[in-house]
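Good morning, colleagues. Please look at the sequence and the structure on the screen.

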Amino acid sequence: MLEKISTCKCYHQITKMGEGGISNIYIDTLMEKISSSFRGTFSIDKIPMFKEKNFSIIVNLSKENEKGTHFIGISLLKNVIVYFDSYGVETINLTIEEYLKNYRKKIIHSNIQLQHLFSSHCGFFCISCILCLENNIPFHKFLKIFHKKDLYLNDYISIKIITSFIKYMYLRK
C-alpha cells in the first residue's frame, strides 16, 4: 500500500500551489494565520522535537531532497497523539512511529480512507483535521464528516471545512 502512496500526485513543491497538490510553503503560510497549535510542515527526515505538550505538524513522507509524495498530520493533545493519514493506511510509517515514541503518549489513528488515490488534496485533509482537533471536534467526529463511498467529494469537504473555520475566525473579530 505504501508503494501506491509514493506514486500519488501530492508533490512537495517549494513555490506555489499547482495541479499536483499544495506546497509546504502554502501550508505554512496559511496555518500561521489560522492555527494556534501548528508548528510547521517538515520532510520525514527533518522532523524536529518540540518541548510543548500540545502542538500540530504536517509531515511529507518523502525526504528533504526528494520530490514530495504525501502529507500526513500529527497532533499532540493532552494525553494522546492523533496520527492522520487521509489514505487510511493501516500501519504508521516506521520513521514517524519512532519519532512519536519520544512523546510517550497513546497514538490513535484511523484506517478509514477519506482521500481518493488520484486526489492531490492530502495537505488540505491534514489542515482540516488539525483545525477540527484544535477546535475541540473529536477525531472520530471529524472522520464522520466525510463521505464513505464518493471519495472525490471529500476533496470538496476538506476545503469547505477550512473555509468555514476561516470565515468563523473573521466573524469573531
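I shall begin with the overall picture and then turn to helices, aromatic rings, cysteines and a few individual residues.

What you see is a predicted model. The average pLDDT of the protein is 87, and 87% of the residues reach at least 70. One stretch calls for caution: residues 1-18 have a pLDDT below 50, although in the model this stretch makes 44 contacts beyond near neighbours in sequence. Where pLDDT is low, the predicted coordinates should not be read in detail.

As to the architecture, the protein contains 6 helices and 5 strands. Their order along the sequence is α-α-β-β-β-β-α-β-α-α-α. Of its 173 residues, 51% count as buried. If we take the contacts between residues at least 6 apart in sequence, 57% of them join residues at least 24 apart.

Which residues of helix H2 are buried? They are Asn24, Ile27, Leu30, Met31 and Ile34. These residues span an arc of only 135 degrees around the axis, and therefore sit on the same side of H2. On the face turned away from that buried side, H2 carries the exposed residues Glu32 and Lys33.

Helix H3, residues 94-101, has Ile96, Tyr99 and Leu100 as its buried residues. Viewed down the axis of H3, these fall within an arc of 95 degrees, so they line one face of the helix. What do the buried residues of H3 pack against? Their partners are strand E2 (55-60), strand E3 (71-76), strand E4 (80-84) and strand E5 (106-109). At the start of H3, the backbone nitrogen of Thr95 has a side-chain oxygen of Asn93 within 2.8 Å.

The model has 10 aromatic pairs. One of them joins Tyr26 and Phe124 in an edge-to-face arrangement, with 6.3 Å from centre to centre and 75 degrees between the planes. Tyr26 belongs to helix H2 (residues 24-34) and Phe124 to helix H4 (residues 122-134), so this pair ties together parts that lie 98 residues apart in sequence. Are the two partners buried or exposed? Tyr26 is partly exposed, at 33% relative accessibility, whereas Phe124 is buried, with a relative accessible area of 8%.

Tyr99 and Tyr103 form a further pair: their ring centres are 5.5 Å apart and their planes stand at 70 degrees, so this pair is edge-to-face as well. Tyr99 and Tyr103 are both buried. Together with Phe42, Phe50 and Phe55, these two tyrosines make up one aromatic cluster.

How many disulfides does the structure hold? The count is 0. For Cys129, the nearest cysteine sulfur is that of Cys132, 7.1 Å away. As for accessibility, Cys129 is buried with a relative accessible area of 3%, and Cys132 is buried at 1%.

Ser56 also deserves a moment. This serine lies in strand E2 and is buried, with a relative accessible area of 3%. Its side chain makes a polar contact with the side chain of Ser75, at 3.0 Å. Leaving aside residues up to four places away in sequence, Ser56 touches Ser37, Phe38, Arg39, Gly40, Ile74, Ser75 and Ile130.

Finally, a word on the backbone. Most residues other than glycine have a negative phi. Against that background, two residues may be noted. Arg104, which is not a glycine, has a positive phi of about 50 degrees. Arg104 is located in the loop between H3 and E5 and is exposed, with a relative accessible area of 78%. Asn136, also not a glycine, has a positive phi of about 65 degrees. Asn136 is placed in the loop between H4 and helix H5 (139-144), and at 68% relative accessibility it counts as exposed.

That concludes my presentation, and I thank you for your attention.

Technical notes: Residues are numbered from 1 along each chain as its sequence is written. This is a predicted model: local features need pLDDT of at least 70, side-chain atom pairs count only at pLDDT 80 or more; totals for chains, interfaces and linings use all residues. Side-chain values use heavy atoms; hydrogens and water are left out. Rings of Phe, Tyr and Trp (its six-membered ring) pair if their centres lie within 6.5 Å; planes under 30 degrees apart count as stacked, over 60 as edge-to-face and the rest as tilted. Helices (H or I, at least four residues) and strands (E, at least two) are DSSP runs, numbered from the N terminus. Buried means under 20% relative accessible area, exposed over 50%, partly exposed in between (1.4 Å probe, protein chains only). A disulfide is a pair of cysteine sulfur atoms within 2.5 Å. The arc is that of the directions from the helix axis to the C-beta atoms. Contact means heavy atoms within 4.5 Å. A polar contact is a pair of N or O atoms within 3.5 Å; within protein, one must be able to donate a hydrogen and the other to accept it, and residues adjacent in sequence count only if both atoms are side-chain atoms. pLDDT is the predictor's confidence in each residue, from 0 to 100.
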